[in-house]
2 protein chains.
Amino acid sequence: MDPRIKNIRSKLIEENLDGFLLSLPANISYLTKYPSRDSYYLVSPKNNFYFTDSRYTEEAKNALRGSASIIKTNGSVFKMIADVSLKSHLKRIAFEERHLPFAEYQEIKRGLGRKAKLIPTHSLTEKLRCLKETQEVAKIKKAINITSKALDFAKKVISPGKKEIEIVAELERYIRYLGASNSAFDIIVASGPNSSFPHHISGNRKIKNGEPLLIDIGVDFLGYKSDLTRVFFLGRISSSVREVYDIVCSAQKEAIRRIKPQEIIGKIDKAARQYISSKGYGGFFGHNLGHGIGLEIHEEPQISSKNSGLLNTSMVFTIEPGIYLPNKFGIRIEDVVLVTEKGCEVLSASIHK
Amino acid sequence: MDPRIKNIRSKLIEENLDGFLLSLPANISYLTKYPSRDSYYLVSPKNNFYFTDSRYTEEAKNALRGSASIIKTNGSVFKMIADVSLKSHLKRIAFEERHLPFAEYQEIKRGLGRKAKLIPTHSLTEKLRCLKETQEVAKIKKAINITSKALDFAKKVISPGKKEIEIVAELERYIRYLGASNSAFDIIVASGPNSSFPHHISGNRKIKNGEPLLIDIGVDFLGYKSDLTRVFFLGRISSSVREVYDIVCSAQKEAIRRIKPQEIIGKIDKAARQYISSKGYGGFFGHNLGHGIGLEIHEEPQISSKNSGLLNTSMVFTIEPGIYLPNKFGIRIEDVVLVTEKGCEVLSASIHK
């Protein structure tokens with residue numbers, strides 16, 4: 001049996017559950033090792049069931065041969081899920097409370113009647129996904145490698161007068177020639193004052209000399225994501241931008257050097273945050289320091305000051321401090337790290353800062 | 001007051017509701033006329049509240065000036081939603097049952113205690129969005145226009161030996177130079193047997209002579225989407241492919257000529273489906289005939305044989321019959337139509353079939 005399915009089944013036994021309905025595509029993709037879309041996945045002690053519609057059944061049959069029964073949905077998938085659960089004599093069926101809409105929960109519950117119970121759970125699969133296997137790290141590294149090349153390419157494309165969206169266009173093309181199947185999110189190219197919006201939507205603003213240009217880019221390689229941010233400068237960098245840039249760089253170092261197994265996650269965020277505050281920019285770094293990355297662009301662990309969990313070997317996440325000065329400019333530097341036995345490896349270390 | 005907000009507030013009064021919590025980004029974008037991300041929106045009889053985190057608050061303040069209070073979330077947004085609801089003395093708060101996860105529902109409910117009630121609703125906003133305003137149709141037309149040019153461009157790029165993903169790369173670049181902010185979904189370039197998977201993931205397969213090449217592409221123009229499919233042929237078309245192609249074309253015509261206000265939606269789907277069945281390919285057209293399109297790539301109305309609703313002037317949707325022969329090839333032709341007083345206008349009519 002596949003070790004991932006084995007792990008999930010052990011978890012179910014631990015929690016006194018005999019079925020597990022998954023609805024988050026990334027969790028389904030993780031357990032099936034197949035890029036799942038528009039599907040539900042039911043894990044039971046003996047069999048697994050993959051529910052999808054006619055658009056995907058042929059593909060799924062080829063991909064999941066032997067590991068799950070493919071059930072072609074027609075009419076209400078929720079009624080079908082309930083029927084299959086009852087036929088399999090499941091009694092206590094876990095579901096993903098953060099990923100199942102209220103209406104779907106109600107419909108499945110109605111279908112089960114009194115014969116079986118839906119039990120809310122969260123992070124059952126996410127906790128497994130947190131700790132990356134060697135082959136998962138290899139895919140993330142490849143995604144980072146493509147992104148790194150794309151950032152090098154960006155340097156050649158950037159010139160005053162070009163629109164932000166035109167840089168996005170060139171990057172979207174380039175990454176696919178390097179083997180990415182897609183960008184991992186809308187690539188952000190934010191020029192001048194637009195960089196003060198952490199999630200700027202790239203548009204028609206033309207790049208100017210003497211302004212910072214922020215590029216936040218990630219790609220998808222065989223389902224695994226990368227996520228990196230660099231700030232470029234055209235022409236002369238003003239001393240105020242330089243100062244903020246150096247502070248963000250140092251804040252990132254402060255965080256990275258504290259990363260090691262068994263460290264409290266919140267402390268990593270606080271290390272960067274306190275450094276930025278000590279330099280007088282505490283009010284201008286609003287978001288979390290980072291986030292886990294893998295099959296999803298944002299996954300566990302959240303690198304937030306409130307996270308009291310512990311770091312563990314094989315976790316992969318971003319470290320991305322930022323300072324955003326409204327109507328002026330913003331600086332964010334984002335790298336991806338892998339927690340190792342002795343500390344961490346910065347997977348994107350080769351990309352110039 | 002904005003007419004959209006006015007419409008929603010009238011609906012609330014009709015349904016004896018005094019608050020409405022929106023969680024679907026497209027619905028929030030519709031009511032705020034702002035490309036909403038990672039937010040919740042609470043409409044109340046007197047005020048509206050827009051909940052988002054520090055990444056978007058500056059942007060939202062500029063965009064929503066006067067129409068909503070921006071509430072910067074920190075900690076649990078659900079607790080904050082409950083608090084604001086109670087402070088505004090709301091008693092019966094509608095929520096989107098298909099778009100609010102079970103856990104979020106529970107958390108808001110807990111926050112409200114016994115002082116207010118959450119009422120499940122669906123399609124309140126979607127029903128309004130179904131009927132497109134003139135300026136919305138204009139944006140969809142522009143998105144279609146860009147897509148049309150991209151399909152012309154594709155013809156120039158396609159050549160034997162090119163990989164599917166390379167065609168995607170060129171299209172992803174090209175649409176942004178024409179004014180699209182993004183593709184509306186992962187562009188599908190499916191060559192030869194890959195075209196038999198309705199939602200093929202474009203990959204490294206090389207295009208060959210004598211095979212059909214299916215391209216399904218849509219773009220985002222100021223938030224509005226297009227969605228079009230054409231099949232190209234390199235070299236000689238085999239007679240079996242030609243036959244299927246002609247059947248799909250005729251099936252589409254059968255459906256389109258029936259489109260008019262007050263027609264039962266299911267009949268449109270059935271017209272195409274029955275035509276395909278009459279030619280012996282009934283088992284090879286699994287998906288619905290079409291779907292509404294606008295702020296979302298798939299929205300109401302669903303053009304499904306089970307939809308007993310009526311067509312109405314100003315609805316915009318796709319008509320996309322297909323025949324998929326496993327391990328051989330698939331043909332789909334997809335256009336976008338606007339229901340008019342007399343029948344319909346095929347918004348993508350100028351694109352060669």
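Ala, Val, Leu, Ile, Met, Phe, Trp, Tyr, Cys and Pro count here as nonpolar, Asp, Glu, Lys and Arg as charged, and the others, Gly among them, as polar. This is a predicted model, in which local features need pLDDT of at least 70 and side-chain atom pairs count only at pLDDT 80 or more, while totals for chains, interfaces and linings use all residues. Residues are numbered from 1 along each chain as its sequence is written, chains are lettered from A in the order in which they are written, and side-chain values use heavy atoms, with hydrogens and water left out.

**Stop 1: the cavity**

Select A:L151, A:D152, A:K155, A:R230, A:F232, A:I351 and A:H352, the residues that line the largest cavity. By the definition above, this lining divides into 3 nonpolar, 1 polar and 3 charged residues. A cavity is a set of points, on a 1 Å grid over the protein atoms alone, where a 1.4 Å probe fits but cannot get out, and its lining residues have an atom within 4 Å of a point. Grid points are joined across faces, edges and corners, and the volume is the space filled by probe spheres set on the points. A search of the whole structure finds 1 cavity of 30 Å³ or more, and about 40 Å³ of space lies in the largest cavity. Helices (H or I, at least four residues) and strands (E, at least two) are DSSP runs, numbered from the N terminus.

**Stop 2: the two chains**

Now display chain A and chain B together; a rotation of 180 degrees, with 0.0 Å of shift along its axis, superposes chain A on chain B with an RMSD of 0.0 Å. That is the relation of a two-fold axis. To find the axis from chain A, select A:P101, whose C-alpha is the nearest to the axis in that chain, at 1.9 Å. The superposition is by least squares on the C-alpha atoms of residues with pLDDT of at least 70 in both copies. Because 100% of the interface residues of chain A are also interface residues in chain B, the copies meet through the same surface.

**Stop 3**

Select residues 25–32 of chain A, helix α2, which is mostly covered, with 7 of its 8 residues buried; buried means under 20% relative accessible area, exposed over 50%, and partly exposed in between (1.4 Å probe, protein chains only). The buried residues include A:N27, A:Y30 and A:T32. Just after α2(A), A:K33 takes a positive phi of about 55 degrees.

In chain B, select residues 102–112, helix α5, where B:F102, B:A103, B:E104, B:Y105, B:I108 and B:L112 are buried. Just after α5(B) comes B:G113, with a positive phi of about 60 degrees.

**Stop 4**

Select A:R129 in helix α6 (residues 124–130) of chain A; at 2% relative accessibility, A:R129 counts as buried. Leaving aside neighbours within four places in sequence, A:R129 is in contact (heavy atoms within 4.5 Å) with A:L24, A:A26, A:N27, A:Y30, A:L295, A:E296 and A:E299. The C-alpha atoms of A:R129 and A:I293 are separated by 9.6 Å, although these residues are 164 residues apart along the chain.

Next, select A:H291 in strand β13 (residues 290–292) of chain A, which counts as buried at 9% relative accessibility. Beyond its neighbours within four places in sequence, A:H291 is in contact with residues including A:D227, A:H298, A:E299, A:F317 and A:E334.

**Stop 5: A:S69**

Select A:S69 in strand β4 (residues 69–72) of chain A, which is partly exposed, with a relative accessible area of 33%. Its contacts, leaving aside neighbours within four places in sequence, are with A:N48, A:F49 and A:Y50. A:S69 and A:N48 are 21 residues apart in sequence and 6.3 Å apart in space, C-alpha to C-alpha.

**Stop 6: the cysteines**

A search of the whole structure finds 0 disulfides over all chains, a disulfide being a pair of cysteine sulfur atoms within 2.5 Å. For A:C130, the nearest cysteine sulfur is that of A:C344, 16 Å away, and A:C130 is buried, with a relative accessible area of 6%. For B:C249, the nearest cysteine sulfur is that of B:C344, 15 Å away, and B:C249 counts as buried at 14% relative accessibility.

Definitions and conventions. On a 1 Å grid over the protein atoms alone, a cavity is a set of points where a 1.4 Å probe fits but cannot get out, and a pocket is an open set with protein on both sides within 12 Å along at least five of seven lines; lining residues have an atom within 4 Å of a point.
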